[in-house]
Structures are given as C-alpha cells and as structure tokens.
Amino acid sequence: MLQIAERILRKNPKRVTILGPLVTYTMTLMLGTGHAVYSVMPIIGDVALKNNIRPERPMAASSVASQLGITGSPISAAVVYYLGQIVNLPGFEHIKLLNIVAVTIPATLCGVIALSLYSLKRGKELQDDPEYQRRLQDPVWRERILNTTSTSLNEKLPNSARNAVLLFILALVSIVVVAVTSSFRTVNIEKGAWASSDTTILTDIVRSAKKQNIL
C-alpha cells in the first residue's frame with residue numbers, strides 16, 4: 001500500500017499538496033487508524049522539497065486529513081463507539097453504520113479538499129523564504145536536502161505482500177458488509193442481554209443442516 005501511495009505522489013509531484021492529504025485520508029479510511037500515515041509522511045516531505053514546494057503545505061494538510069479519515073472510516077473505533085452510543089438514544093434506534101458513514105465520508109472528504117486548496121498558498125514560497133535560503137548556504141544541509149531521498153520503491157516485495165493487501169481489503173469489505181447487514185449477524189443485543197436472532201442467515205443454515213442430518 002505504501003508503494004502504491006508513493007507511486008501516485010511521485011507520478012504527480014507538482015500536485016503533492018492535493019494528493020498527499022487524499023492519500024493519507026484514504027489510508028486512514030481503509031485502516032481505521034491515523035497511525036498508518038507515519039510511513040508516508042517522509043515521502044510527502046521529500047516529494048515537496050525535490051519540487052521546490054514548501055513541505056509544511058502538504059505535510060500539515062496530510063496530518064489533518066488522516067484524522068478526518070478516522071471520522072469517516074467504517075472500522076475506526078471512533079465511528080463504532082459513536083454508533084453504539086447513538087442507537088441507545090430514543091428515536092435513533094434505527095440508525096445503522098451505513099447511515100453514519102453516508103454523512104461522515106462526504107463531509108470529511110469535502111473538508112480534506114478544502115484544507116488542501118487552502119494549503120496551496122500557505123506560507124512563503126521556498127525561493128522567497130530567507131530562512132530556507134540561509135540554510136541552503138550550509139553545504140551539509142544543502143546536500144541532505146538535494147541528494148537524500150526517502151523512498152520505498154527500492155524495496156522488492158514478495159508476491160505474498162500483494163496477497164496480504166488483497167486479503168486485507170477483502171476482510172475490510174466483509175466487515176463493512178456484516179456491519180450494515182443485520183441479517184448476517186448471528187446475535188443481537190437486546191435490553192443489555194445477548195439474545196439469539198431468529199432470522200439470521202447463519203441460523204437458517206444450521207437449521208437446514210440439521211434437517212439434512214449434516215450436523
């Protein structure tokens with residue numbers, strides 16, 4: 001996933017202030033945690049510096065975007081907790097996970113786009129920043145900026161890594177489907193106690209198997 005994200009950024013380096021936040025937002029949306037973006041932040045900064053773009057623009061926006069992704073992720077602890085709390089309120093018992101993410105994903109995505117556009121002109125251009133130009137006079141610092149690259153593309157990943165990502169995406173889709181489809185769940189919580197659901201698909205499968213003397 002990191003290499004895919006880096007390829008997207010390096011293929012469109014001049015748009016890193018827009019693509020960086022979208023990449024971190026998408027990663028958090030899929031993984032359910034903002035910690036996933038730590039590995040991509042150095043790459044965003046490297047792409048920005050190599051293209052004479054003020055690094056704080058894409059990096060600050062990407063950091064905020066990753067936190068917005070938590071609010072939109074259907075598997076994040078924040079969204080699951082919110083769902084668990086809101087269904088206990090009178091009149092909101094019918095709320096499902098899909099109802100929540102149908103609001104949070106478009107809202108947070110609009111927020112990411114807005115903050116990315118705002119960040120395009122944040123701060124001075126590097127060629128107009130006296131502090132940055134002063135530091136470039138230091139040979140060691142200049143060498144580090146111009147000739148040091150943070151990348152993951154040099155790593156040759158085995159096919160099992162790709163398969164692991166595909167399995168993860170499949171698991172993610174399965175979790176969301178189960179969460180939004182009540183008939184897939186084998187148990188429900190009713191009035192604080194666990195109670196078996198009489199209409200679940202899994203229960204019907206077990207009953208059918210018993211009739212056929214399979215179980």
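Colleague: In what order do the elements of the protein run from the N terminus on?

Modeller: Going along the chain of this predicted model, the order is α-α-α-α-α-α-α-α-α-β-β-α. That comes to 10 helices and two strands.

Colleague: Okay, and how much of the protein counts as buried?

Modeller: There are 215 residues, and 31% of them count as buried.

Colleague: Let's zoom in. Where does threonine 17 lie?

Modeller: Threonine 17 is in helix H2, which covers residues 16-31.

Colleague: Is threonine 17 buried or exposed?

Modeller: Threonine 17 is buried, because its relative accessible area is 4% and the cut-off for buried is under 20%.

Colleague: Which residues is it in contact with, leaving aside neighbours within four places in sequence?

Modeller: Threonine 17 touches Ile53, Arg57, Pro58, Ser116, Ser119 and Leu120.

Colleague: Leu120, then. Where is leucine 120 found?

Modeller: Leucine 120 is in the loop that links helix H6 (97-119) and helix H7 (130-136). Leucine 120 is partly exposed, with a relative accessible area of 35%.

Colleague: Which residues make the nonpolar surface patch?

Modeller: Leu120 is one of them, along with Leu109, Ile113 and Leu117, and the patch is about 320 Å².

Key
Residues are numbered from 1 along each chain as its sequence is written. This is a predicted model: local features need pLDDT of at least 70, side-chain atom pairs count only at pLDDT 80 or more; totals for chains, interfaces and linings use all residues. Side-chain values use heavy atoms; hydrogens and water are left out. Helices (H or I, at least four residues) and strands (E, at least two) are DSSP runs, numbered from the N terminus. Buried means under 20% relative accessible area, exposed over 50%, partly exposed in between (1.4 Å probe, protein chains only). Contact means heavy atoms within 4.5 Å. Patches are made of residues with over 30% relative accessible area and no salt bridge: like charges are joined within 9 Å, nonpolar side chains (Val, Leu, Ile, Met, Phe, Trp, Tyr) within 5 Å. Accessible areas come from the Shrake-Rupley method with a 1.4 Å probe; for residues, only the protein chains shown count as cover. A salt bridge is a side-chain nitrogen of Lys or Arg within 4 Å of a carboxyl oxygen of Asp or Glu.
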